[in-house]
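Dear colleague,

Please find the structure we discussed below. My notes on it follow directly after.

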Amino acid sequence: MGEGKGSTLVHLLVVVLSLVAFGFAIAAERRRSVGTVVKDDITNSTYCVYNSDVATGYGVGAFLFLLSGESLLMGVTKCMCFGRPLAPGSDRAWSIIYFVSSWLTFLVAEACLIAGATRNAYHTKYRGMIYAQNFSCETLRKGVFIAGAVFVVATMILNVYYYMYFAKATTTMPAHKANRTNSTVGMTGYA
């Protein structure tokens, strides 16, 4: 890492993994399962038929790509807990702020994505008899994957800033104490 900039490869990988997760989240929202009520004439019951379950796979894909991007960044920075201490100053403060914020948005994004994927995969086949009134097939509510996608982008932005300030805080040389090679205290050897 030179001049507090950080590794360009790490920046690039975090952004690409987050953008792929964003794309999967958008695709999952567009391909949510839609159920239609079908009547079974033989048993005189109704059931739901769902068109596709591909959104579940997209949601899980988004979850995994975001998780791998976050894992990569936390592995490189050693989760701010291990490794060299950060130099005191504003870079360290901003690094901590972005670290906490990125983790919060990451957790919300992951919760939205996995909850959407789980709920989208949940289908009830038999709903009841034909004389049941006002029923519809259960589907995932609109916007769950979109909320996950928004938090994916927020996590990506915060991760980029976190890594940028983390790199600055680790490359800044700590303030050294006074140079004591020319001490005048009288501790020199006798010649």
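A residue counts as buried when its relative accessible area is under 20%, as exposed when it is over 50%, and as partly exposed in between. Please bear in mind throughout that the model is predicted.

By that cut-off Glu29 is buried, because its relative accessibility is 13%. Its partner is Arg32: the two residues form a salt bridge in which the closest N and O atoms lie 3.3 Å apart. Arg32 is likewise to be classed as buried, since its relative accessibility is 14%. In general, side chains of opposite charge can pair when their charged atoms come close. A search of the whole structure returned 1 salt bridge.

The next point concerns the helices. Helix α1 spans residues 8-30 and contains Val16. Helix α2 covers residues 54-76, and α1 packs against α2 with the axes 8 Å apart and at an angle of about 165°. Angles over 145 degrees count as roughly antiparallel, and α1 and α2 are therefore roughly antiparallel to each other. Their crossing is left-handed.

Finally, there is a feature of the surface to report. Leu9, Leu12, Leu13 and Val16 form a nonpolar patch there, and together these residues have about 350 Å² of accessible area.

With kind regards

Methods
Residues numbered from 1 in each chain as written. Predicted model: local features only at pLDDT ≥ 70, side-chain atom pairs only at ≥ 80, totals over all residues. Heavy atoms only, no water. Patch = residues over 30% accessible without salt bridge, like charges linked within 9 Å, V, L, I, M, F, W, Y side chains within 5 Å. Areas by Shrake-Rupley, 256 points an atom, 1.4 Å probe, with all protein chains shown as cover. Salt bridge = Lys/Arg side-chain N within 4 Å of Asp/Glu carboxyl O. Helix = DSSP H or I, 4+ residues; strand = E, 2+ residues; numbered from the N terminus. Axes fitted to C-alpha atoms, helices over the stretch in contact; angles between N-to-C directions. Parallel < 35°, antiparallel > 145°, perpendicular 65-115°, else oblique. Left-handed = near helix turned anticlockwise from the far one by under 90°. Buried < 20%, exposed > 50% of the residue type's maximum accessible area, 1.4 Å probe, protein only.
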